[in-house]
Amino acid sequence: MKTWTAAFIVRVSDARSFFGFLRCAKGRLVLAIAMLATLQLYGQGTVTFSNLGLNAPVYNSATCLNAIAGTTFSVALYSAPYDPANPVPPDPSTMTQAGASAPLYLAGIYFDGIRTAPNINPPGSLGWFQVKAWETAFGTSYEQAQTNPAALIGASNIILVQTGNPPLGFPGDLTGISGITLSAVGTPPCVPEGSPVVLGFLGAALLSFLRAKNRSR
């Protein structure tokens with residue numbers, strides 16, 4: 001009868017363990033691929049809900065200043081799917097709010113992290129986006145505040161965004177979004193007052209003109 005050395009027995013055992021590990025690794029890889037496929041199937045596009053650095057502030061027409069930071073005003077992100085067969089911006093009333101509303105991070109600035117658009121599928125595809133703002137005292141949503149003519153409300157333009165593709169891609173951003181002017185129904189916007197320096201120059205120019213005119217008579 002053939003006798004196997006201890007070293008050979010160990011090597012055979014190691015080989016079986018190695019191939020077992022490969023089988024397990026293959027199973028893990030298949031599971032990971034299946035999970036990614038599921039994310040692709042059921043995931044939704046993502047965007048960064050922020051106008052920081054975009055020169056598109058929320059502006060209060062009642063004060064002629066950017067809307068103050070904090071909870072006095074609220075903003076919300078809205079989205080709609082992009083249809084290549086009909087590539088025009090949707091009716092704003094048909095757009096869906098993407099996540100909860102947010103306060104202003106700084107005066108005129110909203111910055112509330114990454115949002116998932118519930119109706120942009122598959123992730124990474126194009127979608128329409130808009131930001132709406134309102135005076136928080138008049139409602140928990142833009143639609144609620146809109147029913148009160150005294151509320152200061154406003155909305156940005158509607159832009160097309162290449163959304164992010166989680167977990168591999170970065171979220172899209174709101175490049176191209178316009179600023180928002182908050183105003184009440186029927187209320188004319190304020191007229192900004194001139195600075196003292198500007199008013200001084202204008203006064204001096206007017207005085208010089210009047211003196212020159214008097215000398216020419």
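## Salt bridge

The side chains of R115 and D112 meet in a salt bridge, at 2.4 Å from N to O. A salt bridge here is a side-chain nitrogen of Lys or Arg within 4 Å of a carboxyl oxygen of Asp or Glu, and by this rule the count comes to one. R115 counts as buried because its relative accessibility is 9%, whereas D112, at 33% relative accessible area, is partly exposed. Buried means under 20% relative accessible area, exposed over 50%, and partly exposed in between, with a 1.4 Å probe and protein chains only.

## Basis of the model

This is a predicted model, in which local features need pLDDT of at least 70 and side-chain atom pairs count only at pLDDT 80 or more, while totals for chains, interfaces and linings use all residues. Residues are numbered from 1 along each chain as its sequence is written, and side-chain values use heavy atoms, with hydrogens and water left out.

## Overall architecture

The protein chain has three helices and 11 strands. Helices (H or I, at least four residues) and strands (E, at least two) are DSSP runs, numbered from the N terminus. Along the sequence, the pattern of the protein chain is α-β-β-β-β-β-β-β-β-α-β-β-β-α.

Of the 217 residues of the protein chain, 29% count as buried. The protein chain exposes about 13,500 Å², and carbon and sulfur atoms supply 65% of this area. Accessible areas come from the Shrake-Rupley method with a 1.4 Å probe, and for residues only the protein chains shown count as cover. Among contacts in the protein chain with a separation of 6 or more, 73% come from residues 24 or more positions apart; contact means heavy atoms within 4.5 Å.

## Nonpolar cores

A nonpolar core is a set of buried Ala, Val, Leu, Ile, Met, Phe, Trp, Tyr and Cys residues joined through side-chain atoms within 4.5 Å. The largest has 25 residues, and those with the most contacts inside it are V58, V75, Y110, F129, V131 and L174. At least two residues of this core are supplied by each of strand 1, strand 4 (70-81), strand 6 (102-104), strand 8 (126-135), strand 10 (159-162) and strand 11 (180-182). A second, separate core has 11 residues, including Y78, W128, Y142 and A151.

Leaving aside neighbours within four places in sequence, V131 is in contact with F49, V75, A76, L77, Y110, A155, S156, L174, I177 and I180.

## The loop between strands 1 and 2

The loop between strand 1 (46-50) and strand 2 (58-60) holds L52, and A56 and N55 also lie in it. L52 is partly exposed, with a relative accessible area of 44%. N55 counts as exposed because its relative accessibility is 76%, and this residue has a positive phi of about 55° although it is not a glycine.

A56, by contrast, is buried, with a relative accessible area of 3%. Its contacts, leaving aside neighbours within four places in sequence, are N51, I177, S178 and G179. A56 and G176 are 120 residues apart in sequence and 8.7 Å apart in space, C-alpha to C-alpha.

## Aromatic pairs and surface patch

A pair of aromatic rings is described by the distance of the centres and the angle of the planes. Rings of Phe, Tyr and Trp (its six-membered ring) pair if their centres lie within 6.5 Å; planes under 30 degrees apart count as stacked, over 60 as edge-to-face and the rest as tilted. The structure holds four such pairs. One of them, Y105 with F111, is tilted, at 5.4 Å centre to centre and 45° between the planes. The pair of W134 and Y142 is edge-to-face, at 6.5 Å centre to centre and 75° between the planes. Both W134 and Y142 are buried, while F111 is partly exposed, at 40% relative accessible area.

Y105 and F111 also belong, with L52 and L106, to a nonpolar patch on the surface with about 400 Å² of accessible area together. Patches are made of residues with over 30% relative accessible area and no salt bridge, with like charges joined within 9 Å and nonpolar side chains (Val, Leu, Ile, Met, Phe, Trp, Tyr) within 5 Å.

## Other backbone features

A cis peptide bond joins N121 and P122, with omega about 5°. P122 lies in the loop between strand 7 (111-116) and strand 8.

C64 has a positive phi of about 60° although it is not a glycine. C64 is placed in the loop between strand 2 and strand 3 (65-66) and is buried, with a relative accessible area of 17%.
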